[in-house]
Amino acid sequence: MINLELPRKLRASANQAHQVAQEIFRPASRKYDLAEHEYPVELDTMAAMVEGLSDSGSADVSGATGGRKAGEKTAGDAHATELLGNTNGGNMSALMNALETSWGDVGLMLSIPYQGLGNAAIAAVATDEQLSRFGKVWAAMAITEPSFGSDSAAVSTTAVLDGDEWVLNGTKIFVTAGSRATHIVVWATVDKSLGRAAIKSFVVPRDAKGLTVSRLEHKLGIKASDTAELRLEDCRIPKDNILGSPEVNVEKGFAGVMQTFDNTRPLVAGMAVGVGRAALEELRTVLTDAGIEISYDKPANNQHAAAAEFLRLEADWEAAYLLSLRAAWMADNKKPNSLEASMSKAKAGRMGTDVTLKAVELAGTTGYSQRTLLEKWARDSKILDIFEGTQQIQQLIVARRVLGLSSDKLK
């Protein structure tokens with residue numbers, strides 16, 4: 001029999017994250033939705049608490065770091081398929097923390113200092129020495145450019161080695177926490193003639209000369225989170241700020257930097273699961289107050305139409321939750337999880353938009369008004385089906401893995 005209960009350690013960590021969501025995020029949620037680009041000062045207190053707990057070792061609060069410590073292997077190592085025991089480590093902890101804090105407010109979750117998505121990129125491919133230098137920075141991740149969206153292989157930002165420094169030039173858009181983070185993980189090509197194999201990731205300090213924030217985006221949702229356009233104009237960084245190996249391996253191709261997504265896609269799935277659960281809980285309250293009974297003993301076709309629809313949404317949510325757990329568990333147990341990461345992201349992203357929009361619909365005027373957070377969650381959830389690879393890209397990746405076809409065979 002499969003036991004799907006969370007271990008005691010993870011339950012404690014998830015409970016801590018839930019308290020943060022309930023006591024800090026929810027009360028401030030509407031405030032920062034209406035005050036876009038205003039820095040959420042409430043996060044400073046929380047960041048200090050998280051840092052203190054992390055330093056003391058009294059809690060596992062890895063957030064979006066990916067949970068790797070120096071000396072640990074990544075899922076892309078040669079021994080990735082070895083059976084290393086049943087482990088629930090940093091990836092699972094990060095997933096549960098993302099789920100619980102997104103239940104409070106996903107925009108605020110993305111604004112937590114020192115817990116950026118770029119940290120997962122560092123955890124995925126950094127050397128031990130780099131992990132010791134960058135393991136505790138606040139890192140945003142800059143991939144998308146004006147000329148492309150989800151096709152990460154189309155990166156045109158360049159990195160040229162000049163003595164002991166890399167010189168970066170290019171423009172990055174839709175960078176989450178791009179104006180607040182202390183560092184930016186920038187994807188750039190070291191040789192355009194070698195194609196996707198030459199794309200590497202670089203850690204760029206936020207105050208590096210030549211790196212500027214050209215604008216902040218006004219968005220549909222997650223307004224508490226800053227989303228920036230960054231320009232790199234002859235931006236110089238140390239030679240050893242290139243993550244992982246600087247060598248271009250044409251045979252290995254794009255696999256190195258793409259490991260990042262195996263860590264971050266389950267996290268984004270967890271965010272969608274968190275927002276979806278928030279919407280389901282609020283919808284249940286609205287329906288119950290309206291006198292609609294939701295029963296697990298009666299067939300759905302013998303219940304009120306709204307109750308039957310709620311049961312469908314809840315089942316869809318459960319499927320997304322379990323897929324997310326599976327992808328994170330595989331990462332912790334050093335099993336290649338590219339397929340499962342994309343499956344969880346695709347399912348959870350679609351579920352999130354379906355659940356939140358249907359909750360607005362079923363709640364009627366209450367759902368469409370600002371009397372509850374339902375309409376906000378519907379707006380917030382859309383980005384979770386888009387960033388870290390759109391729904392269409394995830395389905396394409398799943399198809400390639402299932403059919404055993406390369407990217408040049410199935411586009």
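1. The protein chain has 12 helices and seven strands. Helices here are DSSP runs of H or I of at least four residues, strands are runs of E of at least two, and both are numbered from the N terminus. This is a predicted model, in which local features need pLDDT of at least 70 and side-chain atom pairs count only at pLDDT 80 or more, while totals for chains, interfaces and linings use all residues. Residues are numbered from 1 along each chain as its sequence is written, and side-chain values use heavy atoms, with hydrogens and water left out.

2. Of the 411 residues in the protein chain, 55% are buried. Buried means under 20% relative accessible area, exposed means over 50%, and partly exposed lies in between, with a 1.4 Å probe and protein chains only. The accessible surface of the chain is about 18,100 Å², and carbon and sulfur atoms account for 54% of that surface. These areas come from the Shrake-Rupley method with a 1.4 Å probe; for residues, only the protein chains shown count as cover.

3. Contacts (heavy atoms within 4.5 Å) between residues at least 6 apart in sequence join residues at least 24 apart in 75% of cases.

4. Helix α3 covers residues 90–104, and its 15 residues should span 21 Å at 1.5 Å a residue; the end C-alpha atoms are 21 Å apart, which agrees. The expected span is 1.5 Å times one less than the number of residues. Because 15 of the 15 residues of α3 are buried, the helix is largely enclosed by the rest of the structure.

5. Two packed helices are described by the angle between their axes and the distance between the axes. For α3 and α8 the angle is about 150° and the axes are 7 Å apart. That makes α3 roughly antiparallel to α8. On the α3 side the contact is made by G90, N91, M92, L95, M96 and L99, and on the α8 side by Y321, S324, L325, A328, W329, A331 and D332. By class, this contact has nine nonpolar, three polar and one charged residues. The axes are lines fitted to C-alpha atoms, for helices over the stretch in contact, and the angles run from 0 to 180 degrees between N-to-C directions. Angles under 35 degrees count as roughly parallel, over 145 as roughly antiparallel, 65 to 115 as roughly perpendicular and the rest as oblique.

6. Helix α1 (residues 8–34) and helix α11 (residues 374–384) have axes that come within 11 Å and cross at roughly 70°. The two are therefore roughly perpendicular to each other. R26, S29, R30 and D33 of α1 meet E375, K376, W377 and R379 of α11. This contact has one nonpolar, one polar and six charged residues. Ala, Val, Leu, Ile, Met, Phe, Trp, Tyr, Cys and Pro count as nonpolar, Asp, Glu, Lys and Arg as charged, and the others, Gly among them, as polar.

7. Nine of the 11 residues of α11 are buried, so α11 is largely enclosed by the rest of the structure. Among the buried residues of α11 are E375, K376, W377 and R379.

8. G276 lies in helix α7 (residues 255–289) and is buried, with a relative accessible area of 0%. Not counting residues up to four places away in sequence, G276 touches W317, M351 and V355. The C-alpha atoms of G276 and Y321 are 9.9 Å apart, although the two residues are 45 apart in sequence.

9. A307 belongs to helix α8 (residues 305–332) and counts as buried at 0% relative accessibility. Leaving aside neighbours within four places in sequence, A307 is in contact with I292, E293 and I294.
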